[in-house]
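Please look at the sequence and the three-dimensional structure below before reading the report.

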Amino acid sequence: MSALLTGRRIAILATDGVEGIELTEPHRALEEAGATVELLAPQAGSIQSMDHQEKRESLPVDRRVSEADPGDYDGLVLPGGVMNADKLRVNPTTICGSDLHILKGDVPAVTDGRILGHEGVGVVDEVGDAVIGFKVGDRVIISCISSCGKCENCKKSMYSHCLNGGGWILGHLIDGTHAEYVRIPFGDNSLYPVPYGADEEALVMISDILPTGFEIGVLNGHVQPGDTIAIVGAGPVGLSALITAQLYSPAKLIMIDLEDARLEVAKQLGATHTVNSSSPDAVDQVMAVGDGIGVNVALEAVGIPPTLELCQAIVVPGGHIANVGVHGKPVQLDMEKLWIHNITLTTGLVDTRTIPMLLKMVVSGKLRPQQLITHHFSLDQVEAAYDTFGNAAKEKALKVIITA
Ligand code: NAD
Ligand code: ZN
């Protein structure tokens, strides 16, 4: 032990009032072993380890950037100016329904030439000066949401609205994962280690779709045991909600889509009923499954006005509408009906705060999101991958895996 400690400085973060704190026995033992023990007072944004503190102090001045500009890598800094990004070699990645919304023009903040993609697993290639949790060569899962972990919103696990320039920025405000390499801002809080031996393609589903279906659909929608649930949109996100809703034992799970092929997949993944919404009596079919009164929870996982309107038409009094879809235009809310029926409507951008829990369930095999993977492409076939995912009905595509 002494050999290990000799010459090392050990910092102890005091809880408050540094003065007057006596060195206790373990500290003395450390000193006797050759370490210099210091007491540090905590401060806002203070750093947990001496190594990190030393790194910060030794940064050359030209690495410090004072203003965050989310469009620029050099702006990916914490106040105080420490580069805290990891550079990753991406492998594998996938395409999201949101990427299609971007191509459709529904997300105007995306500028021409932006590299899309916010999902993937990769290997750390370079580590920013402020990153302490990862090293070169680590295999990591990328969260679609980058977050500092330190601001007021991050402290509430509302990572999607990180106040330090994080949030959904990957493949949106900064270049994303549909590339050989990607820069992940706030590496410590935006990446998760790949457990040894895990199926990495399954883990790609954890970057976005599984937490989105679960957090914005199932949790926001307050799915309860015995409930009747309708999920509008049987794409990867709707199917992720279908998979994770079953953790709460709903009695009936109705999947609604225009594509019979996707509805077939939904049945294999646990849907008890399916309704093709192109059918003129689609609402009646849902109401019949809902014992004539409707569904306790209506999840919208498409992102267009008619599907949110459908949710309003099928939800029971006291029920929940959980909107998951990315909308590009206003939608009519029938407030004159919703208020008197005690309906709760939730919306949201995923926080990915449930990644640690979902990761355990995927690794243990309790959740098997790899069932959503239908196609594989190499990175130089990325256009074909977009064509396939964009023509999902014809191609019978769900998640397409792209490998560099
Ligand atoms: P997707 O495009 O693969 O799936 C959408 C599904 O909706 C398709 O199966 C399509 O056939 C179906 N659909 C289209 N019109 C319909 C209609 N009128 N009635 C019934 N079904 C209809 O997309 P995805 O990857 O599953 O994503 C679903 C939505 O979730 C998208 O809007 C995406 O942008 C959004 N999303 C939101 C978040 C968030 O944080 N809130 C995160 C990721 C994705
Ligand atoms: Zn933050």
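The report below takes up some strands, the helices that go with them, and the surroundings of a ligand.

The model is a predicted one, and the description can begin with strand E10, which covers residues 252-257. Is strand E10 mostly covered or mostly uncovered? Strand E10 is mostly covered, since 5 of its 6 residues are buried. Strands of a sheet pair through backbone hydrogen bonds, either parallel or antiparallel. Strand E9 (residues 228-232) runs parallel to E10 and is joined to it by 5 bridges, and within this pairing Ile229 stands opposite Leu253 in E10. Strand E11 (residues 273-276) is likewise parallel to E10, with 4 bridges between them, and here Ile254 stands opposite His273 in E11.

Together with helix H9 (residues 236-245), the strands E9 and E10 make a right-handed β-α-β unit. From E10 the chain then crosses through helix H10 (residues 260-268) to E11, in a β-α-β crossover that is also right-handed.

Another part of the model holds an open sheet of 3 strands, in the order E4-E16-E15, whose pairing is mixed. Its edge strands, each of which pairs on one side only, are E4 (93-94) and E15 (373-378). Strand E16 (residues 399-403) runs parallel to E15 and is joined to it by 5 bridges, and Thr403 in E16 is the bridge partner of Ser378. Helix H15 (residues 382-390) lies across both E15 and E16, and runs at about 175° to E16.

| Strand pair | Bridges | Facing residues |
|---|---|---|
| E9 and E10 | 5 bridges | Ile229 and Leu253 |
| E10 and E11 | 4 bridges | Ile254 and His273 |
| E15 and E16 | 5 bridges | Ser378 and Thr403 |

The last topic is ligand 1. Which of the 34 residues around ligand 1 come nearest? They are Gly97, Gly235, Val237, Gly303 and Val326. Several elements each supply at least two residues of the shell around ligand 1, namely helix H4 (97-104), helix H8 (209-219), H9, E10 and helix H12 (305-314). The largest share, 4 residues, comes from H4. By residue type, the shell around ligand 1 divides into 18 nonpolar, 12 polar and 4 charged residues.

Methods: Residues are numbered from 1 along each chain as its sequence is written. Chains are lettered from A and ligands numbered from 1 in the order in which they are written. This is a predicted model: local features need pLDDT of at least 70, side-chain atom pairs count only at pLDDT 80 or more; totals for chains, interfaces and linings use all residues. A residue is buried if 20 or more other C-beta atoms lie within 10 Å of its own, exposed if 12 or fewer, and partly exposed in between; C-beta atoms are placed from the backbone. Two strands pair if DSSP finds at least two bridges between them. A crossover is right-handed if, with the strands pointing away from the viewer, the path from the first strand over the helix to the second runs clockwise. Two residues are in contact if their C-beta atoms, placed from the backbone, lie within 7 Å. Axes are lines fitted to C-alpha atoms, for helices over the stretch in contact, and angles run from 0 to 180 degrees between N-to-C directions. A residue is near a molecule or strand if its C-beta atom, placed from the backbone, lies within 6 Å of it. Ala, Val, Leu, Ile, Met, Phe, Trp, Tyr, Cys and Pro count as nonpolar, Asp, Glu, Lys and Arg as charged, and the others, Gly among them, as polar.
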